[in-house]
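Morning, everyone. Please look at the screen, and I'll walk you through the model one piece at a time.

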Amino acid sequence: MKRIASIALGVSASVLALGTMAAVAGPIMYGSAAASPTTVVPSVIPTVRESSPQVDVDDPAGLSGDWAVADGSEAGYTIDAVVNGSALTVTGTTDHVTGSAIVDDSVLTGATIVVEVASITTDNAARDAYFRGPALDADDFPTALFTLTTPIPLNDDLVGGTPVVVAASGDLTLHGVSRPVDVSLTATLQNGRLTLAGTVPVSFGDYGIAPIDLGFARVNDQGSIDFALSVSPR
């Protein structure tokens with residue numbers, strides 16, 4: 001269960017942190033009218049490396065212990081905008097995600113996830129520069145943090161290979177502002193490996209990130225955080 005919990009939290013934090021970054025919608029304005037009105041970046045997909053530890057248990061209690069976000073984990077944001085009258089969807093991703101979690105007696109009792117804001121990139125360098133600067137003030141607020149605040153029970157379905165939806169509650173700190181958030185995560189334990197994926201809706205204004213409206217470019221105040229994580233025991 002620990003692994004599952006770990007993943008869920010890690011993902012949540014990553015997702016939330018990234019989601020907030022989406023508020024940086026401002027960068028979208030740099031997409032220019034030349035950008036395709038239907039441009040959509042593929043959703044993040046976790047890469048599980050051969051070296052990742054495997055989980056071979058027949059009881060949730062076997063997942064107890066300390067866990068850490070592993071290589072191959074990614075998080076990012078998705079946000080819609082209108083540039084010169086054309087609809088545009090922009091996404092950003094990063095694999096600079098770290099974190100830890102603790103599972104005790106089939107219950108995820110604690111978790112912390114950190115996302116490096118300045119490392120989030122899209123397919124446009126100018127947009128990324130705006131995102132790190134005017135939008136998220138990455139120099140002053142270099143990371144986004146998610147901390148679990150409510151224990152999460154883990155059930156036997158996960159061990160049986162069935163995808164399990166886990167509800168996580170915690171505090172998301174972004175751009176110097178902390179707010180409570182609820183995240184729905186899907187955890188999967190398959191072929192001895194655990195992954196977690198989900199999307200979290202975010203209102204950027206809640207974190208002091210002003211919406212972008214330059215006339216020719218307008219970015220929505222609402223976006224989402226997308227994540228796909230893999231976790232391993234310490």
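First, a word on terms: helices (H or I, at least four residues) and strands (E, at least two) are DSSP runs, numbered from the N terminus. With that, the protein reads α-β-β-β-β-β-α-β-β-α-β-β-β-β along the sequence. That comes to 3 helices and 11 strands.

Now the ground rules. This is a predicted model, where local features need pLDDT of at least 70, side-chain atom pairs count only at pLDDT 80 or more, and totals for chains, interfaces and linings use all residues. Residues are numbered from 1 along each chain as its sequence is written, and side-chain values use heavy atoms, with hydrogens and water left out.

So, confidence. pLDDT is the predictor's confidence in each residue, from 0 to 100. The mean for this protein is 73, and 71% of its residues reach 70 or more. Contact here means heavy atoms within 4.5 Å. A caution goes with this: where pLDDT is low, the predicted coordinates should not be read in detail.

Next, the overall numbers. Buried means under 20% relative accessible area, exposed means over 50%, and partly exposed is in between (1.4 Å probe, protein chains only). Of the 234 residues, 51% are buried. Take the contacts with a separation of 6 or more: 75% of them link residues 24 or more positions apart.

On to the strands. Two strands pair if DSSP finds at least two bridges between them. Start with β2, residues 74-83. β2 pairs with β11, residues 217-233, in the antiparallel sense over 9 bridges. Within that pairing, Thr78 has Ser224 as its bridge partner, and Ala81 stands opposite Val219. β2 also pairs with β3, residues 86-94, again antiparallel and over 9 bridges. There, Tyr77 has Gly92 as its bridge partner. The hairpin of β2 and β3 has 2 residues between the strands. In it, Asn84 takes a positive phi near 50°.

Stay with β11 for a moment. β1 joins β11 as well, through 3 bridges, and the two run antiparallel. Ala68 has Ser232 as its bridge partner in β11. How many of the 17 residues of β11 are buried? The count is 12, so β11 is mostly covered, given that buried means under 20% relative accessible area.

Between β1 (65-69) and β2 there is a loop, and Ser73 sits in it. Ser73 counts as buried because its relative accessible area is 2%. Its side chain reaches the backbone oxygen of Ala70 at 2.9 Å. Leave aside the neighbours within four places in sequence, and Ser73 is in contact with Thr94, Asp95, Ala228, Leu229 and Ser230.

Now the loop between α2 (125-135) and β6 (143-148), which holds Ala138. Is Ala138 buried or exposed? At 6% relative accessibility, Ala138 counts as buried. Beyond four places in sequence, Ala138 is in contact with Val117, Ala118 and Arg132. Asp137 is in that loop between α2 and β6 too. Asp137 is partly exposed, because its relative accessible area is 26%. Its phi is near 50°, a positive value in a residue other than glycine.

His175 comes next. Ala138 and His175 are 37 residues apart in sequence and 8.0 Å apart in space, C-alpha to C-alpha. His175 lies in the loop between β8 (164-174) and β9 (177-190). With a relative accessible area of 14%, His175 is buried. Phi of His175 is near 55°, a positive value in a residue other than glycine.

Last item: salt bridges. A salt bridge is a side-chain nitrogen of Lys or Arg within 4 Å of a carboxyl oxygen of Asp or Glu. How many does the structure hold? It holds 1. The side chains of Asp123 and Arg127 meet in a salt bridge at 2.9 Å, N to O. Asp123 is exposed, with a relative accessible area of 60%. Arg127 is buried, with a relative accessible area of 4%.

How values were computed: Polar contact = N/O pair within 3.5 Å; in protein donor to acceptor, adjacent residues only side chain to side chain.
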